[in-house]
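Subject: Handover of a structure

Dear colleague,

Please find below the structure that I am handing over to you. I would ask you to keep it open while you read the notes that come after it.

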Amino acid sequence: MSQTTPSFDLLPGAADSPVLLHVPHSARAIPGDVRAGIVLDDAELERELDHITDAHTAEIAERAAALAGLRPWRFVNRLSRLVVDPERFPDEREEMLAVGMGAVYTRTTHRAELRPAGTDPEPLLARYFRPYAAAMTEAVAGRLAATGRAVIIDVHSYPAEPLPYELHGSGPRPPVCLGTDAFHTPPELTEAARKAFAGCGETGLDSPFAGTYVPLEFYGTHARVGALMVEIRRDTYMTEPGGPAGPGLDRLATALATLIDTVQP
């Protein structure tokens, strides 16, 4: 991927759809000059990508969008989260800094060195993180302007067994974990998700991963921006780690489409 290739895509949906599917962690691509700053050898890097990538989540979102009665919008990261993680705070507010996984990771999922100690995150933040945040902010503003509201559905996955980097890995790991926010996740959105994913196994709340992604411009101030994180346990739809998708993928895409249809007009 060249330096001029966009690192994300906004894929249009129906003009009157308020839903924005956000897929931040599905890609494995790392630009060559960014790769040069990672200390892992090629085999180690591929193994790390197997563990850290939310494999096949872009496909789940794509299939769900096609199945929905009203096509939602999609915002898809085309670069690995090992370049930058667009869902982290870029400063000391980020709790994952404790394990070297702020907006620019310095440690791996197994807490080994990923980048040299003292790596300056600013060049990657300027080149990738801030443009991504600005574009996502604009995408949400677009839904607000067009429909009067926005509903961000964050599409993630997580491993069946906890990895050493997880700060909250000792709690329940249901087939579908719903991450919520006290301000941006109304009870009816959570309930709609529980019903939509009922056929995919047990759903749980905020364990092992909690919270939602909302651009900071709207966070905690714009109640018309709803948000829900959907974390899918990987063994329900793929071979871990980093393997092919299985039949569970279609079931999950259908459930996600049901959720989309429930929250749309």
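The notes below describe what was found, topic by topic.

The model is predicted, so local features need pLDDT of at least 70 and side-chain atom pairs count only at pLDDT 80 or more, while totals for chains, interfaces and linings use all residues. Residues are numbered from 1 along each chain as its sequence is written, and side-chain values use heavy atoms, with hydrogens and water left out.

Nonpolar cores

A nonpolar core is a set of buried Ala, Val, Leu, Ile, Met, Phe, Trp, Tyr and Cys residues joined through side-chain atoms within 4.5 Å. Buried means under 20% relative accessible area, exposed over 50%, and partly exposed in between, with a 1.4 Å probe and protein chains only. The largest such core has 33 residues, and I153, F197, V230, L256, L259 and I260 have the most contacts inside it. The elements that give two or more residues to this core are β2 (19-23), α3 (57-67), β4 (150-158), β5 (176-179), α5 (187-196), β7 (225-233) and α6 (248-263). Helices (H or I, at least four residues) and strands (E, at least two) are DSSP runs, numbered from the N terminus. Helix α6 provides the largest share of the core, eight residues.

Which residues is I153 in contact with, leaving aside its neighbours within four places in sequence? They are V19, L20, L21, H22, L228, V230, L256, L259 and I260, where contact means heavy atoms within 4.5 Å.

Strands pair if DSSP finds at least two bridges between them. Four bridges join β1 (residues 8-11) to β3 in an antiparallel arrangement, with F8 opposite N77. Four bridges also join β2 to β3, and these two strands run parallel; here L20 stands opposite W73.

Aromatic pairs

Rings of Phe, Tyr and Trp (its six-membered ring) pair if their centres lie within 6.5 Å; planes under 30 degrees apart count as stacked, over 60 as edge-to-face and the rest as tilted. The whole structure holds four aromatic pairs. The ring centres of F8 and F75 are 5.3 Å apart and the planes are at 20 degrees, so this pair is stacked. F8 lies in β1 and F75 in β3, so the pair ties together parts that are 67 residues apart in sequence. F8 also forms an edge-to-face pair with Y132, at 5.5 Å centre to centre and 80 degrees between the planes. Y132 lies in helix α4 (residues 122-147), so that pair ties together parts 124 residues apart in sequence.

Cysteines and S207

The structure holds zero disulfides, a disulfide being a pair of cysteine sulfur atoms within 2.5 Å. C177 is buried at 0% relative accessibility, and C200 is buried at 11%.

C177 is also among the residues that S207 touches, not counting residues up to four places away in sequence. S207 lies in the loop between β6 (203-205) and β7, and its side chain reaches the backbone oxygen of P172 at 2.9 Å.

Yours sincerely

How values were computed
Polar contact = N/O pair within 3.5 Å; in protein donor to acceptor, adjacent residues only side chain to side chain.
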